[in-house]
Amino acid sequence: PNKETPCLELEFDHFSSPVKFPVMSQVEEHANWNFSREHGFNYSHTGLSNRVARDNPLTDSDNEQLRQVCNRDPLSEITEQEKDFLWRHRYHCVNIPEILPKILLAVKWNSRDEVAQMYCLLKDWPAIKPEQAMELLDCNFPDPMIRDFAVKCLEKYLTDDKLSQYLIQLVQVLKYEQYLDNPLARFLLKKALTNQRIGHFFFW
């Protein structure tokens, strides 16, 4: 090798047993445990979330604030106070499916508790419109579970005519996928193989 070329070396920790991501049943078990603890009392512990969910009915003021945040332009930022507000009312937000991108921005992705609860919420979240689902495929949402949910929404609601309009954008967001074999790539290939017109534009 050229000695004048910079070289980056990485050394990873060694563990006595395999390290792997937990299966969904373990994620759900942790989310349920955390939910019961959360509603028993407010607590704060290393690695545990202290942003407690509210299960009491929303006030008119809360509903209005949720509506305003939901209708905000996707490119506008939400404040930390708004993120906390959204997370506290996350269970009510299931009734407002289109608010999902904002809820996902409110998740603290370095918190095991919040990620586990968001995964469980996502399982029961109603499908959203294709235009909103495509928002979940940009660089702000690299999590595979989120991207898989977005593709399922596209499969459910995106017609071939609409897909032709959004094909360039969908091909562009493939660069944000973590793996070559992913739900979005499979979705586009399937559409390209079953529709000659889409296949022609997809090829070029």
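## Two domains

Taken over C-alpha atoms, the centres of domain 1 and domain 2 sit 26 Å apart. Domain 1 covers 22-126 and domain 2 covers 127-203, with bounds that come from an automatic or database domain assignment.

A quick note on the ground rules: this is a predicted model, where local features need pLDDT of at least 70, side-chain atom pairs count only at pLDDT 80 or more, and totals for chains, interfaces and linings use all residues. Numbering starts from 1 along each chain as its sequence is written, and side-chain values use heavy atoms, with hydrogens and water left out.

## Where they meet

Here 13 residues of domain 1 are in contact with 10 residues of domain 2 (contact means heavy atoms within 4.5 Å). Putting the two together buries about 1,100 Å², and carbon and sulfur atoms give 76% of that (accessible area lost by the two parts, 1.4 Å probe, summed over both).

On the domain 1 side, α5 (100-106) and α6 (112-124) each supply at least two of the touching residues (helices are DSSP runs of H or I, at least four residues, numbered from the N terminus). The most comes from α5, with 4 residues.

## At the boundary: Pro 126

Pro 126 lies in the loop between α6 and α7 (130-135).

Leaving aside neighbours within four places in sequence, Pro 126 touches Val 94, Pro 97 and Phe 149.
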